Amino acid sequence: MVTRVSTPGNYSAVLANLLAAQQSQMAAGTKVATQKNGSDLKDYARDAEMLTAMRSLKTRIEVYQDQNTFISERLATQDTALNQVTEAALGARQAIADALASGRVDTLMEDLQAQFRNAIEGLNTRYGGKYVFAGGQVDTRPLTATSMADLTSGPPISAWFQNDHYQATAKVDEATTVQVGLLANVLGEDLMAAFQAIQAFQEGPDGPFTGAMTDAQRTFLEGQLATWDSVREDLTNATARNGLVQKRVESVRDDLKTRYNQLQGLIGDITDADMAEAVAQLEQAQLAVQAAAHVFTTLQESSLLNVLR
(Lines give C-alpha, C1' and ligand atoms only; values in the text may rest on other atoms or scores of the structure.)
Protein backbone atom coordinates (compact mmCIF):
# COMPACT_ATOMS: atom_id res chain seq x y z
CA MET A 1 0.00 0.00 0.00
CA VAL A 2 1.34 3.40 -0.97
CA THR A 3 0.84 6.29 1.42
CA ARG A 4 -0.20 9.41 -0.41
CA VAL A 5 1.90 12.45 0.38
CA SER A 6 0.30 15.83 -0.15
CA THR A 7 1.36 19.38 0.53
CA PRO A 8 -1.73 20.19 2.67
CA GLY A 9 -1.13 17.05 4.72
CA ASN A 10 2.52 17.97 5.29
CA TYR A 11 1.56 21.51 6.26
CA SER A 12 -1.02 20.20 8.73
CA ALA A 13 1.47 17.84 10.40
CA VAL A 14 4.25 20.42 10.62
CA LEU A 15 1.89 23.10 11.90
CA ALA A 16 0.61 20.74 14.59
CA ASN A 17 4.20 20.04 15.65
CA LEU A 18 4.95 23.77 15.74
CA LEU A 19 1.92 24.52 17.90
CA ALA A 20 2.79 21.68 20.29
CA ALA A 21 6.36 22.93 20.54
CA GLN A 22 5.12 26.46 21.29
CA GLN A 23 2.81 25.16 24.03
CA SER A 24 5.70 23.23 25.57
CA GLN A 25 7.81 26.37 25.43
CA MET A 26 5.10 28.41 27.17
CA ALA A 27 4.69 25.77 29.88
CA ALA A 28 8.43 25.57 30.46
CA GLY A 29 8.71 29.37 30.50
CA THR A 30 5.95 29.61 33.10
CA LYS A 31 7.68 27.03 35.28
CA VAL A 32 10.96 28.99 35.14
CA ALA A 33 9.21 32.32 35.82
CA THR A 34 7.10 31.09 38.77
CA GLN A 35 9.56 28.46 40.01
CA LYS A 36 6.51 26.23 40.59
CA ASN A 37 5.50 22.94 39.02
CA GLY A 38 1.92 24.11 38.50
CA SER A 39 -0.63 26.82 39.13
CA ASP A 40 -3.47 24.74 40.62
CA LEU A 41 -4.16 21.33 42.15
CA LYS A 42 -4.87 19.59 38.84
CA ASP A 43 -1.25 20.22 37.87
CA TYR A 44 -0.08 18.01 40.75
CA ALA A 45 -2.20 14.98 39.86
CA ARG A 46 -1.71 12.19 42.43
CA ASP A 47 -0.20 14.59 45.02
CA ALA A 48 -3.26 16.88 45.05
CA GLU A 49 -4.96 15.26 48.06
CA MET A 50 -1.77 15.27 50.14
CA LEU A 51 -1.03 18.84 49.12
CA THR A 52 -4.52 19.96 50.16
CA ALA A 53 -4.11 18.35 53.59
CA MET A 54 -0.69 19.90 54.14
CA ARG A 55 -1.88 23.36 53.13
CA SER A 56 -4.84 23.04 55.52
CA LEU A 57 -2.48 22.10 58.35
CA LYS A 58 -0.19 24.98 57.43
CA THR A 59 -3.12 27.41 57.69
CA ARG A 60 -4.01 26.12 61.17
CA ILE A 61 -0.41 26.50 62.31
CA GLU A 62 -0.35 30.08 61.00
CA VAL A 63 -3.50 30.84 63.01
CA TYR A 64 -1.88 29.46 66.19
CA GLN A 65 1.31 31.43 65.47
CA ASP A 66 -0.61 34.69 65.12
CA GLN A 67 -2.56 33.98 68.31
CA ASN A 68 0.59 33.05 70.22
CA THR A 69 2.23 36.31 69.21
CA PHE A 70 -0.69 38.19 70.76
CA ILE A 71 -0.62 35.99 73.88
CA SER A 72 3.13 36.40 74.30
CA GLU A 73 2.82 40.18 74.09
CA ARG A 74 0.01 40.19 76.65
CA LEU A 75 1.97 37.97 79.04
CA ALA A 76 5.00 40.23 78.65
CA THR A 77 2.80 43.23 79.52
CA GLN A 78 1.47 41.37 82.56
CA ASP A 79 5.01 40.50 83.61
CA THR A 80 6.01 44.16 83.53
CA ALA A 81 2.89 45.13 85.51
CA LEU A 82 3.39 42.37 88.09
CA ASN A 83 6.99 43.38 88.61
CA GLN A 84 5.87 46.98 89.08
CA VAL A 85 3.32 45.98 91.74
CA THR A 86 5.81 43.67 93.46
CA GLU A 87 8.43 46.43 93.51
CA ALA A 88 5.83 48.79 95.00
CA ALA A 89 5.25 46.32 97.84
CA LEU A 90 8.99 45.95 98.32
CA GLY A 91 9.42 49.73 98.23
CA ALA A 92 6.73 50.20 100.89
CA ARG A 93 8.34 47.59 103.10
CA GLN A 94 11.72 49.28 102.63
CA ALA A 95 10.27 52.68 103.53
CA ILE A 96 8.98 51.24 106.82
CA ALA A 97 12.31 49.52 107.52
CA ASP A 98 14.20 52.78 106.84
CA ALA A 99 11.91 54.70 109.19
CA LEU A 100 12.47 52.12 111.93
CA ALA A 101 16.22 52.31 111.39
CA SER A 102 16.32 56.11 111.54
CA GLY A 103 13.71 56.54 114.26
CA ARG A 104 11.99 59.25 112.21
CA VAL A 105 8.83 59.22 110.10
CA ASP A 106 9.07 62.64 108.45
CA THR A 107 8.62 61.32 104.89
CA LEU A 108 7.10 57.92 105.58
CA MET A 109 3.61 58.73 104.31
CA GLU A 110 4.93 60.49 101.22
CA ASP A 111 7.09 57.47 100.42
CA LEU A 112 4.19 55.09 100.96
CA GLN A 113 1.84 57.21 98.87
CA ALA A 114 4.36 57.09 96.00
CA GLN A 115 4.50 53.30 96.21
CA PHE A 116 0.71 53.19 96.40
CA ARG A 117 0.48 55.10 93.12
CA ASN A 118 2.94 52.69 91.51
CA ALA A 119 0.84 49.74 92.66
CA ILE A 120 -2.37 51.31 91.35
CA GLU A 121 -0.73 52.00 87.99
CA GLY A 122 0.48 48.40 87.77
CA LEU A 123 -2.89 46.89 88.63
CA ASN A 124 -4.58 49.16 86.08
CA THR A 125 -2.17 48.23 83.28
CA ARG A 126 -3.64 48.10 79.78
CA TYR A 127 -2.66 46.16 76.67
CA GLY A 128 -4.19 47.08 73.35
CA GLY A 129 -6.41 49.58 75.14
CA LYS A 130 -7.87 46.87 77.40
CA TYR A 131 -7.25 46.45 81.13
CA VAL A 132 -5.37 43.18 81.53
CA PHE A 133 -6.37 42.48 85.17
CA ALA A 134 -10.07 43.35 84.76
CA GLY A 135 -11.33 39.86 83.89
CA GLY A 136 -14.13 40.21 81.35
CA GLN A 137 -14.65 43.91 82.19
CA VAL A 138 -11.77 44.92 79.93
CA ASP A 139 -13.06 48.46 79.37
CA THR A 140 -13.53 49.16 83.09
CA ARG A 141 -10.70 50.36 85.34
CA PRO A 142 -10.27 47.40 87.74
CA LEU A 143 -9.04 49.43 90.72
CA THR A 144 -10.67 52.80 91.28
CA ALA A 145 -8.92 54.02 94.45
CA THR A 146 -6.53 56.89 93.77
CA SER A 147 -5.05 57.62 97.20
CA MET A 148 -4.45 55.84 100.49
CA ALA A 149 -7.10 58.07 102.08
CA ASP A 150 -9.71 56.43 99.80
CA LEU A 151 -9.10 53.12 101.58
CA THR A 152 -10.33 54.48 104.91
CA SER A 153 -13.22 56.53 103.56
CA GLY A 154 -15.88 53.93 104.35
CA PRO A 155 -16.31 51.28 101.63
CA PRO A 156 -14.57 47.92 102.16
CA ILE A 157 -11.42 47.13 100.20
CA SER A 158 -13.34 44.82 97.86
CA ALA A 159 -15.58 47.72 96.77
CA TRP A 160 -12.64 49.45 95.10
CA PHE A 161 -12.12 46.53 92.69
CA GLN A 162 -14.37 46.52 89.63
CA ASN A 163 -13.09 43.40 87.86
CA ASP A 164 -15.28 40.32 87.50
CA HIS A 165 -14.16 36.72 88.03
CA TYR A 166 -13.53 35.74 84.41
CA GLN A 167 -9.99 34.47 83.83
CA ALA A 168 -9.12 34.21 80.15
CA THR A 169 -7.62 31.03 78.74
CA ALA A 170 -6.07 30.47 75.32
CA LYS A 171 -5.45 27.43 73.16
CA VAL A 172 -1.89 27.76 71.90
CA ASP A 173 -1.83 24.58 69.83
CA GLU A 174 -4.00 21.52 69.21
CA ALA A 175 -3.25 20.04 72.64
CA THR A 176 -2.25 22.93 74.90
CA THR A 177 -4.49 25.42 76.71
CA VAL A 178 -3.04 27.99 79.12
CA GLN A 179 -4.60 30.42 81.55
CA VAL A 180 -3.49 33.95 80.75
CA GLY A 181 -5.99 35.99 82.75
CA LEU A 182 -5.13 37.38 86.20
CA LEU A 183 -7.50 39.38 88.38
CA ALA A 184 -6.78 42.70 90.06
CA ASN A 185 -8.62 41.83 93.27
CA VAL A 186 -6.77 38.53 93.68
CA LEU A 187 -3.46 40.30 93.17
CA GLY A 188 -4.21 43.49 95.07
CA GLU A 189 -6.65 43.03 97.95
CA ASP A 190 -3.99 42.06 100.51
CA LEU A 191 -1.75 44.84 99.21
CA MET A 192 -4.51 47.43 99.55
CA ALA A 193 -5.35 46.08 103.03
CA ALA A 194 -1.74 46.65 104.08
CA PHE A 195 -1.86 50.23 102.81
CA GLN A 196 -5.23 50.69 104.53
CA ALA A 197 -3.84 49.58 107.90
CA ILE A 198 -1.11 52.22 107.77
CA GLN A 199 -3.52 54.93 106.62
CA ALA A 200 -5.91 54.03 109.46
CA PHE A 201 -3.08 54.30 111.98
CA GLN A 202 -2.06 57.63 110.44
CA GLU A 203 -5.60 58.92 111.01
CA GLY A 204 -5.94 57.36 114.49
CA PRO A 205 -5.03 58.59 117.96
CA ASP A 206 -1.36 57.51 117.63
CA GLY A 207 -0.89 59.37 114.36
CA PRO A 208 0.04 61.20 112.35
CA PHE A 209 3.50 60.06 111.24
CA THR A 210 5.60 63.19 111.71
CA GLY A 211 8.99 63.95 113.17
CA ALA A 212 10.50 61.51 115.64
CA MET A 213 8.92 58.08 115.88
CA THR A 214 6.87 57.39 119.02
CA ASP A 215 6.93 54.07 120.87
CA ALA A 216 3.41 53.28 119.68
CA GLN A 217 4.40 54.01 116.10
CA ARG A 218 7.49 51.81 116.39
CA THR A 219 5.49 48.89 117.76
CA PHE A 220 2.92 49.25 115.01
CA LEU A 221 5.46 49.53 112.19
CA GLU A 222 7.51 46.59 113.46
CA GLY A 223 4.34 44.51 113.35
CA GLN A 224 3.71 45.62 109.77
CA LEU A 225 6.97 44.21 108.41
CA ALA A 226 5.69 40.62 108.45
CA THR A 227 2.51 41.70 106.65
CA TRP A 228 4.47 43.38 103.88
CA ASP A 229 6.80 40.37 103.58
CA SER A 230 3.75 38.15 103.04
CA VAL A 231 2.26 40.54 100.48
CA ARG A 232 5.53 40.74 98.55
CA GLU A 233 5.93 36.95 98.58
CA ASP A 234 2.42 36.42 97.17
CA LEU A 235 3.06 38.94 94.39
CA THR A 236 6.41 37.35 93.61
CA ASN A 237 4.71 33.96 93.30
CA ALA A 238 2.07 35.43 90.96
CA THR A 239 4.85 36.92 88.82
CA ALA A 240 6.62 33.57 88.72
CA ARG A 241 3.44 31.76 87.63
CA ASN A 242 2.96 34.27 84.84
CA GLY A 243 6.58 33.62 83.84
CA LEU A 244 5.95 29.86 83.68
CA VAL A 245 3.04 30.46 81.30
CA GLN A 246 5.33 32.68 79.21
CA LYS A 247 7.88 29.87 78.96
CA ARG A 248 5.17 27.38 78.03
CA VAL A 249 3.87 29.62 75.25
CA GLU A 250 7.41 30.26 74.05
CA SER A 251 8.09 26.52 73.93
CA VAL A 252 4.91 25.91 71.94
CA ARG A 253 5.78 28.79 69.61
CA ASP A 254 9.21 27.28 68.89
CA ASP A 255 7.59 23.89 68.23
CA LEU A 256 5.07 25.46 65.86
CA LYS A 257 7.87 27.22 64.01
CA THR A 258 9.73 23.94 63.57
CA ARG A 259 6.57 22.20 62.33
CA TYR A 260 5.81 25.09 60.00
CA ASN A 261 9.28 25.00 58.45
CA GLN A 262 9.10 21.22 58.00
CA LEU A 263 5.69 21.55 56.37
CA GLN A 264 6.96 24.29 54.09
CA GLY A 265 9.73 21.95 53.01
CA LEU A 266 7.31 19.08 52.30
CA ILE A 267 5.01 21.35 50.29
CA GLY A 268 7.99 22.76 48.46
CA ASP A 269 9.13 19.26 47.51
CA ILE A 270 5.84 18.92 45.62
CA THR A 271 5.22 22.42 44.30
CA ASP A 272 8.68 23.94 43.82
CA ALA A 273 10.28 23.37 40.47
CA ASP A 274 13.75 21.91 40.03
CA MET A 275 15.21 25.02 38.43
CA ALA A 276 18.10 23.24 36.67
CA GLU A 277 15.63 20.79 35.12
CA ALA A 278 13.15 23.58 34.33
CA VAL A 279 15.78 25.65 32.50
CA ALA A 280 16.88 22.58 30.56
CA GLN A 281 13.26 21.88 29.58
CA LEU A 282 12.84 25.50 28.46
CA GLU A 283 15.96 25.30 26.31
CA GLN A 284 14.74 22.02 24.77
CA ALA A 285 11.31 23.54 24.11
CA GLN A 286 12.88 26.59 22.48
CA LEU A 287 15.00 24.32 20.28
CA ALA A 288 11.92 22.30 19.34
CA VAL A 289 10.09 25.48 18.32
CA GLN A 290 13.05 26.57 16.23
CA ALA A 291 13.25 23.16 14.59
CA ALA A 292 9.52 23.03 13.84
CA ALA A 293 9.64 26.54 12.44
CA HIS A 294 12.62 25.62 10.27
CA VAL A 295 10.80 22.55 8.92
CA PHE A 296 7.72 24.67 8.21
CA THR A 297 9.82 27.22 6.31
CA THR A 298 11.66 24.51 4.39
CA LEU A 299 8.39 22.83 3.43
CA GLN A 300 7.03 26.17 2.28
CA GLU A 301 10.08 26.77 0.10
CA SER A 302 9.90 23.27 -1.42
CA SER A 303 6.26 23.52 -2.39
CA LEU A 304 5.30 22.27 -5.91
CA LEU A 305 3.86 25.71 -6.55
CA ASN A 306 7.33 27.20 -6.30
CA VAL A 307 8.60 24.64 -8.83
CA LEU A 308 5.80 25.40 -11.32
CA ARG A 309 6.54 29.09 -11.12
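## Burial and overall make-up

A residue is called buried when its relative accessible area is under 20%, exposed when that area is over 50%, and partly exposed in between, using a 1.4 Å probe and protein chains only. By this definition, 37% of the 309 residues of the protein chain count as buried. The structure is a predicted model, in which local features need pLDDT of at least 70 and side-chain atom pairs count only at pLDDT 80 or more, while totals for chains, interfaces and linings use all residues. Residues are numbered from 1 along each chain as its sequence is written, and side-chain values use heavy atoms, with hydrogens and water left out.

The protein chain contains seven helices and four strands. These elements are DSSP runs numbered from the N terminus: helices are H or I runs of at least four residues, and strands are E runs of at least two. Along the sequence, their order is α-α-α-β-β-β-β-α-α-α-α. A contact means heavy atoms within 4.5 Å. Among contacts between residues at least 6 apart in sequence, 73% join residues at least 24 apart.

## The nonpolar cores

In soluble globular proteins, nonpolar side chains tend to be buried together. A nonpolar core is a set of buried Ala, Val, Leu, Ile, Met, Phe, Trp, Tyr and Cys residues joined through side-chain atoms within 4.5 Å. The largest such core in this model has 46 residues, and Leu191 and Met192 have the most contacts inside it. Two or more residues come from each of α2 (48-102), α3 (108-123), α4 (184-203) and α5 (215-271). The greatest contribution, ten residues, is made by α2.

Not counting residues up to four places away in sequence, Met192 touches Phe116, Ala119, Ile120, Leu143, Leu151, Ile157 and Phe161. Another core, of 18 residues, lies apart from the largest one; among its members are Tyr64, Val178, Tyr260 and Leu263.

## Two buried asparagines

Asn68 is placed in helix α2. Asn68 counts as buried because its relative accessibility is 0%. A polar atom of its side chain lies 3.2 Å from the backbone oxygen of Val172. Beyond its neighbours within four places in sequence, Asn68 is in contact with Val172, Val249, Val252, Arg253 and Leu256.

Asn163, by comparison, is found in the loop between β2 (130-131) and β3 (169-173). Asn163 also counts as buried, because its relative accessibility is 10%. Its side chain is joined to that of Asn185 by a polar contact of 2.8 Å. Such a contact is a pair of N or O atoms within 3.5 Å; within protein, one must be able to donate a hydrogen and the other to accept it, and residues adjacent in sequence count only if both atoms are side-chain atoms. With neighbours within four places in sequence left aside, the contacts of Asn163 include Phe133, Pro142 and Leu183.

## A cis peptide bond

Most peptide bonds are trans. Gly207 and Pro208, however, are joined by a cis peptide bond, with omega at about -5 degrees. Pro208 has its place in the loop between α4 and α5.
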